[in-house]
Amino acid sequence: MPASLLDLPNEVLIQILGFDNLNNELYSLALLSKRLNQSSLPIFFANHGLTYTDPNALCRIPLDGSLVDVLSGLLIYPPVPARRFFVDITARNLFRQLERLQRFFSRQPSISEVVLFFGPLEKYTSGKDNLLLKWVAIFGDLINTIVSKSCGSIRIAGSHHMTSAYTFFPHRSGLRRVVQAVSRGFGNRPPLTMCGRDWEFRRDRKQGSQAPVIQLSPQASRAASVTAFYICSPILLLPPCSPWTLSVIQASSITSLTFSVELPADVAAAVLPLVFAAAINITRLTVIECMWDMGKISLPNLPNLYSLRADPGFIIHVIQTMNTPQLRSICMHHSAKQRNFHILELSHILTILDTLRLTPAVSLDVAFAALRVAPGVQLINPTEGNHPLMQVVELVIDPALIYNINIPIACAWLQNFPRITRLVMDQLAYYKPHVKAGHLELLLDAIAHTHPCLRVVEILDQHHEVPRVNEVSKGRYVFEQSRATRWESNVPFTAKHAGIPRSFPRVMPESVNRGM
């Protein structure tokens with residue numbers, strides 16, 4: 001009997017399967033037998049850079065429409081140990097990809113975190129009844145499956161699918177409400193899907209007459225244990241998905257709620273009070289890049305709110321109009337849509353806190369290249385205690401400081417915040433940056449010399465202790481400084497040193513030398 005591939009020892013078989021020119025062939029071999037499945041798929045996953053064996057690591061699953069992708073292998077592989085998943089959906093055949101993803105999640109014993117990031121596909125913003133019914137069935141099954149696996153953190157971003165399937169109608173008068181109710185009773189108008197005292201969502205007659213919505217399934221309701229909910233897409237706040245969102249918040253013990261979504265002013269005024277009323281027990285609230293008109297929105301009190309991260313206008317609205325006795329931390333976010341960061345905004349918040357005799361810890365969330373002062377305002381000597389930046393105890397920035405900026409320039413920039421004890425580099429959307437080997441260690445060593453008050457650096461949920469000065473390798477820091485731009489007192493700080501706009505404020509480089 002002639003020898004076959006399965007007659008080879010495992011060591012030889014794995015060496016053969018590890019050739020670089022094999023990719024889709026590994027998936028085909030995995031379909032032939034259990035032994036080939038167990039031997040070829042780990043190599044297939046490694047070729048795609050998939051991290052699936054560590055329960056605490058983020059498993060990234062790209063869905064780009066390839067004939068054979070990572071998810072193809074996961075669907076024929078035993079349930080993986082990974083419990084945190086980031087899914088990047090850019091494929092055109094959206095419904096098929098969502099069905100495949102639902103099958104994969106249904107096979108997992110439990111899930112701790114899911115991020116669904118939809119690419120720029122606006123093909124299904126609205127549609128006829130058959131398309132809407134298909135979206136409700138497929139997407140509803142997916143998100144209910146995620147909740148039924150006791151998922152603790154859900155983040156959905158970047159999608160506008162079916163957000164125009166329903167139209168928002170405000171009621172102008174009581175008589176009109178009566179007329180519309182009577183007309184609907186005679187079947188002249190499409191049925192309601194979500195309504196309030198003076199507003200309603202309903203289907204456009206040109207699109208269809210049915211009004212299906214996504215509801216939380218009984219199984220998902222019993223297993224709901226979401227503690228962190230990230231609403232970064234309007235699909236969660238608009239029909240047909242909004243009833244599901246409210247049900248998940250009510251059924252779970254959500255402690256952290258994040259908004260990063262824009263809504264029309266009248267829609268925001270109608271929907272947001274319902275969401276906040278359902279999440280009244282949250283302790284952490286993040287509202288960034290939303291641009292809501294807070295003068296038209298009436299929000300309930302949040303008695304357990306401990307930490308608030310938001311744009312200046314929302315922070316002022318909360319501390320002036322809402323009862324938040326447990327508030328201990330405020331982080332002011334600088335919108336990416338505003339090129340300049342105005343210190344006057346921070347100063348205004350500090351003044352209100354002082355007037356109301358509130359003493360929360362103040363943090364700042366700002367981009368590296370955005371710390372530019374308003375016209376007529378200059379950065380004063382940081383040793384003056386009345387400067388607004390002297391009140392900042394924590395700094396939240398984008399990871400560009402660690403990945404793209406020269407270390408001496410970064411340290412000189414951090415001198416604008418002499419009292420911070422914690423530096424957080426984070427962002428709402430996950431991504432996999434390229435980091436130079438040893439760059440983080442060099443930055444921590446440099447911070448130890450130039451910023452002795454800073455003790456903790458957190459980068460994408462990973463904590464790093466800043467070493468003491470006597471623990472720092474002096475040779476590494478001096479070597480990095482010699483490779484960097486030569487700092488001299490007569491050399492101006494220009495855009496070419498850091499690749500940032502010319503209007504960036506001059507931060508004198510000798511501050512780095514003084515810290516050494």
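**Terms and values**

Guide: Ile16 belongs to helix α1 (residues 10–17); helices (H or I, at least four residues) and strands (E, at least two) are DSSP runs, numbered from the N terminus. The model is predicted, so local features need pLDDT of at least 70 and side-chain atom pairs pLDDT 80 or more, while totals for chains, interfaces and linings use all residues. Residues are numbered from 1 along each chain as its sequence is written, and side-chain values use heavy atoms, without hydrogens and water.

Visitor: Why is Ile16 called partly exposed?

Guide: Buried means under 20% relative accessible area, exposed over 50%, and partly exposed in between (1.4 Å probe, protein chains only). Ile16 has 30%, so it is partly exposed.

Visitor: Why is Thr163 called buried?

Guide: Its relative accessible area is 16%, and therefore Thr163 is buried. Thr163 lies in the loop between β4 (153–157) and β5 (166–170). Leaving aside neighbours within four places in sequence, Thr163 is in contact (heavy atoms within 4.5 Å) with Thr125, Pro234, Ile235 and Leu238.

Visitor: What makes helix α11 largely enclosed by the rest of the structure?

Guide: Of the 10 residues of α11 (residues 312–321), 7 are buried, so the helix is largely enclosed. Those buried residues include Phe314 and His317. Among the elements that cover them are α10 (265–278) and β12 (329–333).

Visitor: How do you know that the span of helix α5 is close to the expected one?

Guide: The expected span is 1.5 Å times one less than the number of residues. Helix α5 (residues 94–107) has 14 residues, and 20 Å is expected; from first C-alpha to last, α5 reaches 20 Å.
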